[in-house]
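Hello,

Here is the structure I promised to pass on. Please have a look, then read my notes below.

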Amino acid sequence: MTEKFSKEPADATPGGSPAPASTTVIPPSGPAETIKAIPVRHYGRWISGVIVIALLLLLGYSFSQGDIQWSAVTDKLFDDTVVAGAGRTLLISVLAMVMGVLLGIVLAVMRLSKNPVTSGVAWLYIWFFRGTPVYLQLLLWFNLALIFPVLNLGPIYKDEMTDVMTPFLCALLGLGLNEAAYMAEICRAGLLAVDEGQTEASQALGMSQAKTLRRIVIPQAMRVIVPPTGNEFINMLKTSALVYAVTYNELLRSTSAIGSTSYAVMEMFFVAAIWYLVMTSVFTVFQFYLERRYARGSLRSLPATPWQKVKANLLNISGSGRTR
């Protein structure tokens, strides 16, 4: 007798429907534990910091033991002659920088011109003034009377060249014309950084080339031009010390004159160094905020100001202290 085998699956219920699959429920192991964050120890930073501080203390101790009259430094720091020299340094730097920026823009436009004559003249100017030292250019202006004893402009003006080329004028021409060569390249790079589509769109709207340059190209190029221009001005403050050679009574010459009569030569050099550091520091902060302003249209988030950086570091230090 043949047995009948059931074709239903083994896990089927008697009604014909498959049995539900068994699910295994894993009970929770307990309440979630709080993760304790342990900050990473940067021992190398602490060691390098201690080494740097030790070297700075050693350097300060060496200067404190040297034959330096620090009382002379504090006494002469705000001397009338020194303050006047610092003012003349600032004056010649600002005027030379303004002259360099204005002439540099003109030279940059000439370099980009399709006229081979104007482009060639601009290239020759930049080649000469960038290829010779500033000190040599100052001496050339100061001794110009050896070549042209009299400045004769016909019925307009006529005078002795020694009376025309004063120390102030020699310093202004020497620094300003040399700076114009560097500013021309900076301005040219800024103008080339503007997309050509901007110019094409302005010309399609009927704007002239001069109006396009003034209203479209130059405002967008300022973001590229401003940062190196700030660096150039800070460099101008220091380069102005070279006008010592043309007897212009700026900061370094004023302090050197006091040092030669009071026999406090090194002390007066320290006075000059302090004034240069103060002026460059002030204009460095001004440059930072100027760059930050022109970066508003190109960066998603502006760089943090020095005060914001200090606050962030203080919060990090206090936060790490609480974690420990």
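One term first: a nonpolar core is a set of buried Ala, Val, Leu, Ile, Met, Phe, Trp, Tyr and Cys residues joined through side-chain atoms within 4.5 Å. Keep in mind that this is a predicted model.

The core. The largest nonpolar core has 51 residues. Tyr125 and Leu251 touch the most other members. H7 gives the most, with 13 residues. Leaving out residues up to four places away in sequence, Tyr125 touches Leu103, Leu107, Leu177, Ala180 and Ala181.

The chain. There are 12 helices and 2 strands. From the N terminus, the order is α-α-α-α-α-β-β-α-α-α-α-α-α-α. Of the 324 residues, 27% count as buried. Take the contacts between residues at least 6 apart in sequence: 71% of them join residues at least 24 apart. The chain exposes about 22,300 Å², and carbon and sulfur atoms supply 65% of that area.

How do H9 and H11 run relative to each other? Their axes come within 10 Å and cross at roughly 175°. Angles over 145 degrees count as roughly antiparallel, so H9 and H11 are roughly antiparallel to each other. Residues in the contact include Met222, Val226, Phe233 and Leu237 of H9, and Tyr276, Met279, Phe283 and Leu290 of H11. The residues of this contact divide into 11 nonpolar, 5 polar and 3 charged.

Best wishes

Conventions
Residues numbered from 1 in each chain as written. Predicted model: local features only at pLDDT ≥ 70, side-chain atom pairs only at ≥ 80, totals over all residues. Heavy atoms only, no water. Buried < 20%, exposed > 50% of the residue type's maximum accessible area, 1.4 Å probe, protein only. Helix = DSSP H or I, 4+ residues; strand = E, 2+ residues; numbered from the N terminus. Contact = heavy atoms within 4.5 Å. Areas by Shrake-Rupley, 256 points an atom, 1.4 Å probe, with all protein chains shown as cover. Axes fitted to C-alpha atoms, helices over the stretch in contact; angles between N-to-C directions. Parallel < 35°, antiparallel > 145°, perpendicular 65-115°, else oblique. Nonpolar A, V, L, I, M, F, W, Y, C, P; charged D, E, K, R; others polar.
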